[in-house]
Structure formats: structure tokens, C-alpha cells
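Take a look at the chain below.

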Amino acid sequence: MRDKRKEVLCLEGRGVRMEEIQPCYFEQVIRWRNDTELNHFLNQPWILTMEKERAWYEKYLNDPTQGFLIMVDKKDGTPFGTLGWTDMDFERRQCISGRLLLGNPAYRNSGQLLESFFLHSDYLYQFVDCMYAHIGVKNRKALHINRLLGFHPNEAEIQYPAELFVKGNHARPQVEYMRMRQEYECIKKEKFAGVLDILYEE
């Protein structure tokens, strides 16, 4: 089991670096998650403070079931968003993909953002065969991008029924999406082969 205090996860791509959350990123994450233009669909019904972030981080360091990564532009070191996972189950080989927050809208259609999705998935599919995601039924952007990346509604037994509503609030329903490893490999090869080359062209 990885010791998060001694071995900080870092995923390197061509144009993006995904670094595990560390205290140096706390202020940035707090600013993003408290921004009303960004946090509309977050499962966070409170104002995030430095005190709350530090308390969460101490628990995070001792929790092998979750990951929280910062997306950083390798060209100039600019952090621009977050991505991660929860509920990692090594025996059942599944987890929940989430924590997507694009803090800098300039990266919305960038190669760095797309490559982040690939790095994230390539890493997780070493340990899981299926990834799940829970998306607000009104969150059209998140629904679109997840479908684009090969996720689809789970039509079998719901794996995480507690996630079908944000914090149990029935006014905020969510749908459970899923994607098998084979589906990801297929969509990556058939739809995205060569796309990063185009996006990274200057």
C-alpha cells in the first residue's frame, strides 16, 4: 500500500502533469471550490476554509480508497483543475471516478485537459476493471464529456445507491454512469487516436 506522506503520486504526460494534492495547492483548491461559477454541481454544501481543507487532508493521507490530483500545465506550471477518485475497491476491482473541476476555463478545449483524462484513466485501469461516475441530471457539460469518453448509464444493478442523490437531497438527483476497461481502450483508440497531436500543434 502506498504511503501518501512519503510517495506523492505524479502522472506525467506530454503537456500536463497531474500531481497529488499537497499543502502548496490548498489555496488554489479552496478558491476554485468556493467560486459560485464553478461549484454549482459540487457535493459541497459549505464554504471551504483552510481549516476544513487541512482536516480533510489529514484523513486523506490515511485513506487508500481515494485520490485527488491537480492538473498542471507543464509548459508554465499553471494549475488549472482537479480530478480524482473515491471508493477504490481492489478486491472488486472498481472505483468511482470524480472530483472533476476545471478551475481555469481557458483550458476547456485544451490538449492538457483531454490528456489529463487519459492519464487518470490509464492509471486507474491498472487496478480496476470498471469505473463508475455519478453525475447530476442537469449537469449537461459533465454528462456530455463523460459520454464522449465512453461512459454510459449503468443499466444493471446500481453499485452506489447512496450517490443517486447529492447528500441525500432528492431535489438533486444523479445518474450512475459506468465504463469498463475494454470500453475505454476502444474509445481511446477509435475516437481519440491522433487528437492530442492536433490539440498540441502550435
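## Where H3 meets H5

Leu114, Phe118, Ser121 and Asp122 in H3 are in contact with Tyr184, Lys188 and Phe192 in H5 (contact means heavy atoms within 4.5 Å). By class, this contact of H3 with H5 holds four nonpolar, one polar and two charged residues. Ala, Val, Leu, Ile, Met, Phe, Trp, Tyr, Cys and Pro count as nonpolar; Asp, Glu, Lys and Arg count as charged; the others, Gly among them, are polar.

The model is predicted: local features need pLDDT of at least 70, side-chain atom pairs count only at pLDDT 80 or more, and totals for chains, interfaces and linings use all residues. Residues are numbered from 1 along each chain as its sequence is written, and side-chain values use heavy atoms, with hydrogens and water left out.

## How the helices cross

H3 spans residues 111-124 and H5 spans residues 181-192; their axes come within 11 Å and cross at roughly 150 degrees. Axes are lines fitted to C-alpha atoms, for helices over the stretch in contact, with angles from 0 to 180 degrees between N-to-C directions. H3 is therefore roughly antiparallel to H5 (an angle over 145 degrees).

## The whole chain

The chain has six helices and nine strands. These are DSSP runs, numbered from the N terminus: helices are H or I with at least four residues, strands E with at least two.

The C-alpha atoms fill a box of roughly 45 × 45 × 35 Å along the principal axes. Of the 202 residues, 46% are buried (under 20% relative accessible area, with a 1.4 Å probe and protein chains only). Among contacts with a separation of 6 or more, 65% join residues 24 or more positions apart.

Key:
Parallel < 35°, antiparallel > 145°, perpendicular 65-115°, else oblique. Buried < 20%, exposed > 50% of the residue type's maximum accessible area, 1.4 Å probe, protein only.
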